[in-house]
Amino acid sequence: MSVYWCELAWLGDDRVAEGVTIEIGDERITAVESGAASPPPGANRLDGITIPGLANAHSHAFQRALRGRTQSGRGDFWTWRDAMYGLAARLDPDLYLALARATFGEMALAGITCIGEFHYLHHGPSGVPYADPNEMGEAMIQAARDAGIRISLLDACFLHGGIGEEPSAVQRRFSDGNADGWIDRVSELAEDPGTRIGAAIHSVRTVDPESAAAVAAWTAERGIPLHAHVSEQPAENSASLEVYGSTPTAVLAGAGAVTERFVAVHATHLDDADFGILGDAGAACCLCPTTERDLADGIAPADRLRSAGIELALGTDSHATIDLFEEARAVELDERLESGERGRNPASILLDAATRAGHACLGWPDGGRIAPGAIADLVTVELDSPRLAGTDAASAIPSLVFAASGADVRGVIAGGQPIVREGEHVALDVAAELDAAIGAVWESA
Ligand SMILES: [Zn+2]
């Protein structure tokens with residue numbers, strides 16, 4: 001058993017407690033008690049504020065190699081996608097393992113202890129499967145293990161280049177040919193204590209309704225999360241309306257995909273009925289505002305989603321930046337710019353999206369909380385940085401959400417084990433690994 005004493009700890013909602021003692025046995029929190037003015041004998045002291053581990057509910061790890069290489073210059077989502085496909089064409093399992101390990105290391109440094117990896121880069125060049133057809137997915141699982149964080153591998157079905165279109169050369173690396181091929185492959189993936197297997201329908205652009213129904217049925221048998229990109233771009237909606245006569249959300253609902261296990265990623269351009277479909281089903285939405293603004297997608301209607309009873313999670317998606325505090329505040333601040341109104345999404349709700357709700361939508365309902373029985377993932381943010389100095393218990397959660405940087409994270413415990421100490425990863429030289437992996441990716445022919 002290990003014992004930690006936190007100067008301040010966030011216990012959910014608006015409850016920031018002082019002098020909180022947290023006991024950990026194995027991988028779980030066994031006791032939480034507040035009000036101890038000083039650490040009990042033998043306790044490890046955590047100065048600053050301690051919050052649950054952050055969940056990054058939407059990631060494509062390889063896209064970290066695009067940072068700084070696509071942000072400048074004219075274009076739109078579709079020209080960015082061409083650049084992204086150019087990167088995807090370069091990767092093999094070794095390069096991808098190195099890149100993902102470094103990227104997950106960067107996440108750990110920013111307080112992320114659980115990742116939802118939306119994984120569609122499955123096969124070798126021209127779509128020829130590797131000897132182990134899950135080699136790329138296994139590389140993601142290994143990368144998370146190396147970085148000390150938990151992973152939900154959301155293996156994505158991706159079959160078509162666009163509605164009714166053949167996959168392009170690089171897209172063949174994503175495709176299993178048909179839904180049965182996808183099911184055969186993902187059925188071989190195994191869980192372990194740090195790994196859960198979930199599923200994804202890449203989008204209605206790339207998976208037809210019949211195949212989406214097969215994927216949904218497979219997840220229903222297992223009771224596992226099902227994620228999909230939904231209405232990220234207006235062109236996706238118009239293509240769906242033209243061919244199917246309904247929105248992407250309605251198409252997926254018709255395929256039986258929209259349930260309480262469903263997560264609509266982006267949900268930027270929903271029509272009025274879509275809110276009801278998602279809300280009535282008890283589905284969640286994962287917003288990725290730093291990517292959505294980078295790709296000129298639009299502003300997700302966070303307040304309206306929440307009013308429809310839809311829980312929000314957060315993701316760094318393309319990894320334009322990796323900082324869940326930035327994602328959290330962007331949800332509210334972007335909406336302020338559009339609405340002319342402040343405070344629709346309270347700080348505690350945004351931090352809940354980054355912690356408890358994110359874990360829940362990845363299939364870890366026992367994560368993202370500081371409470372007995374929860375997984376022992378703890379993130380400590382020191383409050384003496386220039387950004388956060390002057391913060392007290394009452395202002396701590398708004399300060400974290402609206403002013404903190406991932407670089408303010410000083411300590412991270414995942415499953416009871418320290419993975420970041422004094423702002424450094426205990427196992428990885430993250431910056432050096434990123435530099436080497438990204439260099440190798442762009443040098444590879
Ligand atoms: Zn995505």
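Colleague: Which residue forms a salt bridge with R101?

Modeller: A salt bridge here is a side-chain nitrogen of Lys or Arg within 4 Å of a carboxyl oxygen of Asp or Glu. For R101, the closest N and O atoms of the pair are 3.1 Å apart. The pair links distant parts of the chain, 332 residues apart, with R101 in helix 2 (residues 93–109) and its partner in helix 15 (residues 430–443). That partner is E433.

Colleague: What should I know about the model and its numbering?

Modeller: This is a predicted model, where local features need pLDDT of at least 70, side-chain atom pairs count only at pLDDT 80 or more, and totals for chains, interfaces and linings use all residues. Residues are numbered from 1 along each chain as its sequence is written, and side-chain values use heavy atoms, with hydrogens and water left out. Helices (H or I, at least four residues) and strands (E, at least two) are DSSP runs, numbered from the N terminus.

Colleague: Is D13 buried or exposed?

Modeller: D13 forms a salt bridge with R15, at 4.0 Å between the closest N and O atoms. R15 has a relative accessible area of 47%, so it is partly exposed. D13 has 56% and counts as exposed.

Colleague: How many salt bridges does the whole structure hold?

Modeller: Some share partners: R28, R196 and D366 are joined into one network that way. A search of the whole structure gives a total of 24.

Colleague: Which protein residues are donors of the zinc ion?

Modeller: Donors are N, O and S atoms within 2.8 Å of the metal (3.2 Å for Na, K and Ca); water is not among the atoms, so sites may look incomplete. Along the chain, the donors follow the spacing H-x1-H-x168-H. H58 in strand 5 (residues 54–59) and H229 in strand 9 (residues 226–230) are 171 residues apart. At 2.0 to 2.2 Å, through NE2 atoms, the donors are H58, H60 and H229.

Colleague: Which residues lie closest to the centre of the largest cavity?

Modeller: On a 1 Å grid over the protein atoms alone, a cavity is a set of points where a 1.4 Å probe fits but cannot get out; a pocket is an open set with protein on both sides within 12 Å along at least five of seven lines; lining residues have an atom within 4 Å of a point. Grid points are joined across faces, edges and corners, and a volume is the space filled by probe spheres set on the points. The largest cavity has about 150 Å³, and helix 1 (residues 77–88) gives the most to its lining, with five residues. Of 17 lining residues, the closest to the centre are F77, W80, M84, Y120 and H229.

Colleague: What is the volume of the largest pocket?

Modeller: The largest pocket is lined by 16 residues, with R45, L46, G411, R421 and E422 nearest its centre. Strand 4 (44–52), strand 13 (378–381), strand 14 (409–414) and strand 15 (417–421) each give two or more residues to the lining. The volume is about 330 Å³.

Note on methods:
Buried < 20%, exposed > 50% of the residue type's maximum accessible area, 1.4 Å probe, protein only.
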